[in-house]
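Thanks for coming, everyone. Let me put the model up, and then we'll walk through a few parts of it.

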Amino acid sequence: MQADERLSGQVIQTLEAEIRDAGGNEIFALGFCDDQGLVTGVKVLARGTADSVLAIGGGIADAPEGEVPDVLIHNHPSGFLSPSDNDMVIASRAAENGTGSFIVDNEVRRVYVVAEPARRRTRKLLDAGRICRNLEEGGAIARRLPAYEPRPSQLDLMRLIIRGFNEDALVAAEAGTGVGKSFAYLLPAMTYALLNEERIVISTATINLQQQLYGKDIPLVASTLHKGIKAVLIKGRGNYLCRRRMVDACREPVLDEEENDTLRSIVAWSETTKTGDRQDLPFLPPENLWLRVCSEADLCMGMRCPERERCFVLALRRECADARILVVNHHLLFADLAARYEGAGYDNTVVLPPYTRIIIDEAHTLEGAATSFFSKTFSRMGFFRQMGRLYRRRHTRTAGLLLRLGPLVAGDAGGDALIDEAAEGIGKIRNIVDALEAAALELCEGEGTFRFIPSREGAITAVMIPRFLELRQRISSLVGILRAMLENIHSDFEDDPAVWELKAILRRIEAVGTISGSFIEYQERPGEVLWIEGYYGDGKGGSATGANVRARFFVSPLDVAPSLRDALFEPNKTVICVSATLTVADSRNPEGSFAYWKERNGAGLTERELLSGCFPSPFPYAKSVLLAVPRDAPLPEEGSYRTFVDGAVASLAEIAGGSALILFTSYDALRSAYAAASPLLEKQGIRCLKQGDDDRSRLLQAFLDDESSVLFATDSFWEGVDAPGNTLRLVILCRLPFRAPNDPVFEARREVLEKRGGNAFMDLSLPEAVIKFKQGFGRLMRRSGDHGIVAVLDGRILRKRYGEYFLRSLPKTRTSFAEFDRILRDAEGFLFS
């Protein structure tokens, strides 16, 4: 090929001169192409001999900053342009990054194209004016919304997000309730994805928001773009059925007829479902059964799976491959980010297909979600579930993987003897785990948690360390037996599904041994918090006392900010974080400061610029919301506080005629108020619902369906509850939502702050409580026409100096700060006048 077909005249002259100056020896250069693929710029990096030249770093890693080459160029002084073996290796490595490879003669008249460079795309920036017109009156989206209202704050938010895309920037935005943040980020994101053929990930904390985005908001925005854009909703693997595991479960001996009937129903459903998503099941399978048939990454056989062609997860991955918008949850996002940061790379599919731009909605949950993801944990119930997968007995019948593996072991290895030995080992592990849990619950008695710290060394050394040591030793023995089984599996059966399942369970058992080791060495792990939590085994919450209490063991990261900086904020071009609650207002920053959120989540550790802004709610709080705080409310530490709250809850809910969400910070307080108020309210025909009596989603639906009902709830209901209209006219915040002082992770983080000379209350406890308080307040007004009362029954908000931080954080409302009897009259007048 003639050189002038691929190189500009100026590049030809430059290369010819460089080769001449090198005495006709080899040179190595980087080439830069224009939009048409012609090399119009060149930079020489090395000069060599007549036979070789250094291809420095493949020419890519060591390219000057900002000068990523499109093509590598070197000459063959011999005039023979065919590539050598070394040329092919270098060209192959370069091609992985889209970089081409050319060989020229010394006169630069001819060129041999070893590998074509990937065509450079011209990046197209977003036109803020054009995009914003969609949400202005008469715009494409505005015309499609039945109750459209112009929202200047929504347009301002969208302009900030557009800057985030155009400037490859980090963005933090607080958008008050009703701003319409979903449309404000979907329009720019979907437009950018189409213009630049890029993939964008949208991550949320709740399933409800995921489903709203995927089922409602994204289709509406897509309908205005006049060009198809593919979006896919992705859940964690555990939500999807694994056909191979289902078939394996059907092969196992039946120990429970009722469970077997449910399994047959799942099999029938598997032939009709298109997605394999558990949510699509017409019934709710027992958790233990679903865990036996769901998809799990470490149990996947990949190419060896006999059900590969019908795999639901693989089908979902194919759907994702050409999707421009991926809707995920924070846990799934962290799984992908962590794997990439730890070495999986940024150009390949890992958990998700590759991407460089992320939108994180509900970003106030980022630190908590990251702490949860990076924590290592085990419980008696979860560990026994793994043991049961290996071997379980009911009366005279037995089942489990060991029974399936026995016949696969080579005859002279004694498969039956290994099974008996393993079964005995499992029994010993069960006994020590029972003893470990009993000892742990004794330490948790009264507090519900127990943290491993040097000041408690006596109890830890006497009670817990010996049991952890024994558990680790028993696990090591069982692992040895199971590995002996694996090593003696006949070669014909190495790809048997039971073998793969055993390998995965082995890794999980070993992980419990590793966690046990962490507890044993707790004093040598300053970057982690090791703690135990007592919880009700039925999952309904409560304090860590009673017959049905279980223990969970946690190893949690002390600080997730560096991990978020390194895995999230540094490697991605655009990261947009939005929420209704990211700032804390004070006298210096009456409109709110992002300082607390930035520090806790790693955005403040990066040197990259962070664009930020607060966008107030357009809702008429000043006329539609009454903030009521009784001046005679006792402080929480006073003995009369519980009695006051129990009575106030009943009186306020009765005056409102129900339609109330009553939020607590502890289950004990919830149960006390429910016991005192529900008999009185039920007599008035007001239905009382209590968290823990049913599944969260069903409980919330029951509340939404009954306009006069009252819902008593705690932690998780402070956010994510959307009850517009007369369904919710009264929100009662019984106590300022400070984290319990005995929360082990929070306690450890407070200690670190204080050691650094900070004020743990002002820098950590107070900002976190204010953000959660704002979430609770935000449950009331969900539409512009809503009308109601937020009552705060904690006297500290008026009597403590820090109370102003909570009050400053709220929009302007009508207020009633008076004795409780007066508040009852004001509430009745406000609601019904």
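How do helix 5 and helix 6 lie relative to each other? This is a predicted model, so everything here is computed from it. Helix 5 covers residues 181-196, and helix 6 covers residues 207-222. They pack at an angle of about 55 degrees. That angle falls between 35 and 65 degrees, so the two helices are oblique to each other. Their axes are 10 Å apart. The crossing is right-handed.

Now the contact itself. Helix 5 brings Lys181, Ser182, Phe183, Tyr185, Leu186, Leu187 and Met190. Helix 6 answers with Leu209, Gln212, Leu213, Asp217, Ile218, Leu220, Val221 and Ala222. By type, that contact has 11 nonpolar residues, two polar and two charged.

Next pair: helix 7, residues 243-251, and helix 8, residues 257-270. Here the angle is about 145 degrees, and the axes are 11 Å apart. This crossing is left-handed. From helix 7 we have Arg243, Met246, Ala249 and Cys250. From helix 8 we have Leu263, Ile266, Val267 and Ser270. Six of these contact residues are nonpolar, one is polar and one is charged.

Last stop, the second largest pocket. Its volume is about 1300 Å³. How many residues line it? The lining has 31. Nearest the pocket centre are Asn97, Arg121, Glu198, Asp347 and Lys573. And what is the lining made of? It divides into 15 charged residues, 10 nonpolar and six polar.

That's the tour. Questions are welcome.

Note on methods:
Residues are numbered from 1 along each chain as its sequence is written. This is a predicted model: local features need pLDDT of at least 70, side-chain atom pairs count only at pLDDT 80 or more; totals for chains, interfaces and linings use all residues. Side-chain values use heavy atoms; hydrogens and water are left out. On a 1 Å grid over the protein atoms alone, a cavity is a set of points where a 1.4 Å probe fits but cannot get out, and a pocket is an open set with protein on both sides within 12 Å along at least five of seven lines; lining residues have an atom within 4 Å of a point. Grid points are joined across faces, edges and corners, and a volume is the space filled by probe spheres set on the points. Ala, Val, Leu, Ile, Met, Phe, Trp, Tyr, Cys and Pro count as nonpolar, Asp, Glu, Lys and Arg as charged, and the others, Gly among them, as polar. Axes are lines fitted to C-alpha atoms, for helices over the stretch in contact, and angles run from 0 to 180 degrees between N-to-C directions. Helices (H or I, at least four residues) and strands (E, at least two) are DSSP runs, numbered from the N terminus. Angles under 35 degrees count as roughly parallel, over 145 as roughly antiparallel, 65 to 115 as roughly perpendicular and the rest as oblique. A crossing is left-handed if the near helix is turned anticlockwise from the far one by less than a right angle, and right-handed if clockwise. Contact means heavy atoms within 4.5 Å.
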